[in-house]
Amino acid sequence: MPQRSTRDQIVEKADLLFYEGGFEATSFADIAATLGISRGNFYYHFKTKDEILDAVIDRRLALTRAMLDGWAEAGGGPRARILSFVNILLANRTRIMAFGCPVGTLCTELAKLDHAAQGRAAEVFALFRDWLAGQFRALGQGARAEALALHLLGRVQGVAVMMTTFRDEGFLRREVEEIDAWLGRLPAPDTGN
């Protein structure tokens, strides 16, 4: 396995620290100290915190695209692919209960700060929305596909917030089961008539 560049290590560590502690609360010094690199080495790669944020968003977009592509390649049909998205909650439950959804928390923080990068951070949600809409179209939901995608995205975000708030794994499991049942109750395919 090739060694990651210092820049890549900075971006990876910044992503983690922004998630766990927040963008605003994380300093250059925090990131440099966690990696054990000098400030000079750090400033060689990034001059501003906004440059790091931009690189973190790029990283999240790339990782999200790779995950969505992996689900598409795994097959199993659109319902199974949608459930792969929902099962992120189960797979990442410990971290979500501790820190929330990484996408939702960053978008919320940047919106509160009225930060110029908020729209870019929202692109990760847009990837999920568009991908889910494609899965709902494949399920025959036609004109309803985008509304269903937004509904599911909102529901999953709500579950993530409640997980962070109450740290109740039983609630999480019940919600995932209910979402699965909801998928089974979707209206008959849209025939376009």
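**View 1. The largest pocket of the predicted model.** The largest pocket holds about 620 Å³ of space. A pocket is an open set of points on a 1 Å grid over the protein atoms alone, where a 1.4 Å probe fits and protein lies on both sides within 12 Å along at least five of seven lines. Its volume is the space filled by probe spheres set on the points, which are joined across faces, edges and corners. This is a predicted model, in which local features need pLDDT of at least 70 and side-chain atom pairs count only at pLDDT 80 or more, while totals for chains, interfaces and linings use all residues. Residues are numbered from 1 along each chain as its sequence is written, and side-chain values use heavy atoms, with hydrogens and water left out.

**View 2. The lining of the largest pocket.** The lining consists of 24 residues, where a lining residue has an atom within 4 Å of a point. Met 67, Ile 88, Asn 92, Pro 102 and Val 103 lie nearest the centre of the pocket. By type, the lining comprises 17 nonpolar, 3 polar and 4 charged residues. Here Ala, Val, Leu, Ile, Met, Phe, Trp, Tyr, Cys and Pro count as nonpolar, Asp, Glu, Lys and Arg as charged, and the others, Gly among them, as polar. Helix α4 gives the most to this lining, with 5 residues. Among the helices that each supply at least two residues are α1 (6-21), α4 (49-74) and α8 (102-112). Helices are DSSP runs (H or I, at least four residues), and strands are runs of E (at least two), numbered from the N terminus. The protein has 11 helices and 0 strands.

**View 3. Helix α8 and Glu 109.** In α8, the buried residues are Val 103, Gly 104, Leu 106, Cys 107, Glu 109 and Leu 110. Buried means under 20% relative accessible area, exposed over 50%, and partly exposed in between, with a 1.4 Å probe and protein chains only. The cover over these buried residues includes α4, α9 and α10. Glu 109 touches Gly 22, Phe 23, Glu 24 and Ala 25, not counting residues up to four places away in sequence; contact means heavy atoms within 4.5 Å. Although buried, Glu 109 has no salt bridge, and Lys 49, the nearest side chain of opposite charge, is 6.9 Å away. Lys and Arg count as positive and Asp and Glu as negative, while His and the chain ends are not counted. Just after α8, Asp 114 takes a positive phi of about 50°.

**View 4. The salt bridge between Glu 20 and Arg 95.** The closest N and O atoms of Glu 20 and Arg 95 are 2.9 Å apart. Glu 20 lies in helix α1 and Arg 95 in helix α7, so this pair ties together parts that are 75 residues apart in sequence. A salt bridge is a side-chain nitrogen of Lys or Arg within 4 Å of a carboxyl oxygen of Asp or Glu. The count comes to 13 salt bridges by this rule.

View 5. Arg 120 and Asp 58 form a salt bridge with their closest N and O atoms 2.5 Å apart. This pair links distant parts of the chain, with Arg 120 in helix α9 and Asp 58 in helix α4, 62 residues apart. Arg 120 is partly exposed at 23% relative accessible area, and Asp 58 is partly exposed at 38%. A network of salt bridges links Asp 54, Asp 58, Arg 120 and Glu 123.
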